[in-house]
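Q: I would like to learn how to read the features of a protein model. Please take me through them one at a time.

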Amino acid sequence: STHKGEFKMDKETLKLIDEVIEKYDLKGEISGVEICLNGHINDTYHVKLDEGNERDVEYIFQRINGTVFEDPIKIMDNLKEITAHLDSKGLCSDCEILTFLDNKDGENYSFHGGNLWRVSYFVENSVAYEVADDLKILKSAGYAFGRFQHQLADFPMEKLHETIPDFHNTKKRLEHFFAMVEKDPLDRVKDIKEDIEFFREYRDLASKLTDMQEAGELPLRVVHNDTKYNNILMDKNTNEPLCVIDLDTVMPGLSAHDFGDAIRFAANTAVEDERDLSKVALDMEKYEAFTEGFIGAAKDFLTKAELETMALG
């Protein structure tokens, strides 16, 4: 992380971090704790431990939001499985995935104070971009997410938990929507008939990817499911991708889900929650840069049907 709060060494925070450290085989005394403010769900701390000889080792400590993630152990099981799979292949990758340290009991998480905590090494000389107009950055982000899928293309899908069922099932979401249109419990349908007709007109198109997957025409892949480019750590000097992070939503899905979600964010001319819709459009230069990186890294395993429906994502 690059966006952090003010230096934080209050007794309560120190005591909390120190108690979590006791669950791991970590050496040294705390020399600094800084809260990271660029995440919106979990509590994240940048922790420095002084191992002596004026040498600090830097870690990221994260407390998982148990309200958002009701079964966080499934998330950590997923991450342990994909990490073990990659380790077994002995790959020397130019873009890693974030891994978490095992505690004294051999688990990649620890419970403390009723919360699940996890610890990783801090990725040095890295930056995560919240906004980017540099096409090099977008191409690097595309490469990193495409490479992520490529590395896990042979992962046994039955080992992966579906942590958020139907996360990208547009067909089911539209079924729920039209069921509510029929019920019209708050007498709102009369005011949004034009909007409802829009969804009705595009219902089949919006359901196509799900229909194809159900028919066996598109394969399930290990997908990231939150492919904003701020979930890639890049080299501060070269903007080459170093590490894919924020893996809590990793689960089975379609390759086009990751591609489409990335384009929605990366090639947008406005921020994703912009209310002035006149500012919202598709930047084709950014689209092409991300696509060049993503397809360049993923083309060797994607099927013809996947390539042909990628833009629909």
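A: Start with exposure. Buried means under 20% relative accessible area, exposed means over 50%, and partly exposed is in between (1.4 Å probe, protein chains only). Aspartate 102 has a relative accessible area of 42%, so it is partly exposed. This is a predicted model: local features need pLDDT of at least 70, side-chain atom pairs count only at pLDDT 80 or more, and totals for chains, interfaces and linings use all residues. Residues are numbered from 1 along each chain as its sequence is written, and side-chain values use heavy atoms, with hydrogens and water left out.

Q: Which residue meets aspartate 102 in a salt bridge?
A: First the general idea. Side chains of opposite charge can pair when their charged atoms come close. The cut-off: a side-chain nitrogen of Lys or Arg within 4 Å of a carboxyl oxygen of Asp or Glu. Here the partner of aspartate 102 is lysine 80, at 3.4 Å from N to O. Helices (H or I, at least four residues) and strands (E, at least two) are DSSP runs, numbered from the N terminus. Lysine 80 is partly exposed, with a relative accessible area of 33%.

Q: How many salt bridges are there by this rule?
A: The count is 19. Take another one: glutamate 240 and lysine 136 meet at 2.4 Å, N to O. This pair links distant parts of the chain, 104 residues apart. Glutamate 240 is in the loop between β10 (232-235) and β11 (241-244), and lysine 136 is in helix α3 (residues 135-151). Glutamate 240 is partly exposed at 39% relative accessibility. Lysine 136 is partly exposed at 34%.

Q: What is the distance between the closest N and O atoms of aspartate 187 and lysine 190?
A: They are 3.0 Å apart, and the two residues form a salt bridge. Aspartate 187 is partly exposed at 44% relative accessibility, and lysine 190 is partly exposed at 48%.

Q: Which residues are linked in a network of salt bridges?
A: One such network links Lys171, Asp211 and Glu214.

Q: Now strands. In what order do the 4 strands of the open sheet stand?
A: The rule is that two strands pair if DSSP finds at least two bridges between them. Here the order is β5-β11-β10-β8, with mixed pairing. β5 and β8 (126-127) are at the edges with a single partner strand each, so one side of each has no neighbour in the sheet.

Q: Which residues stand opposite each other?
A: Go pair by pair. β5 and β11 are parallel over 2 bridges, and glutamate 96 stands opposite cysteine 243 in β11. β8 and β10 are antiparallel over 2 bridges; serine 126 has aspartate 235 in β10 as its bridge partner. β10 and β11 are antiparallel over 3 bridges, with methionine 234 opposite proline 241 in β11. These two strands, β10 and β11, form a hairpin with 5 residues between them. In the turn, asparagine 239 has a positive phi of about 60°.

Q: How many aromatic pairs does the structure hold?
A: Rings of Phe, Tyr and Trp (its six-membered ring) pair if their centres lie within 6.5 Å; planes under 30 degrees apart count as stacked, over 60 as edge-to-face and the rest as tilted. The structure holds 13 aromatic pairs. Among them, phenylalanine 198 and phenylalanine 199 are edge-to-face, 5.7 Å centre to centre with 80° between the planes. Phenylalanine 198 also pairs with tyrosine 202; that pair is tilted, at 5.0 Å and 50°.
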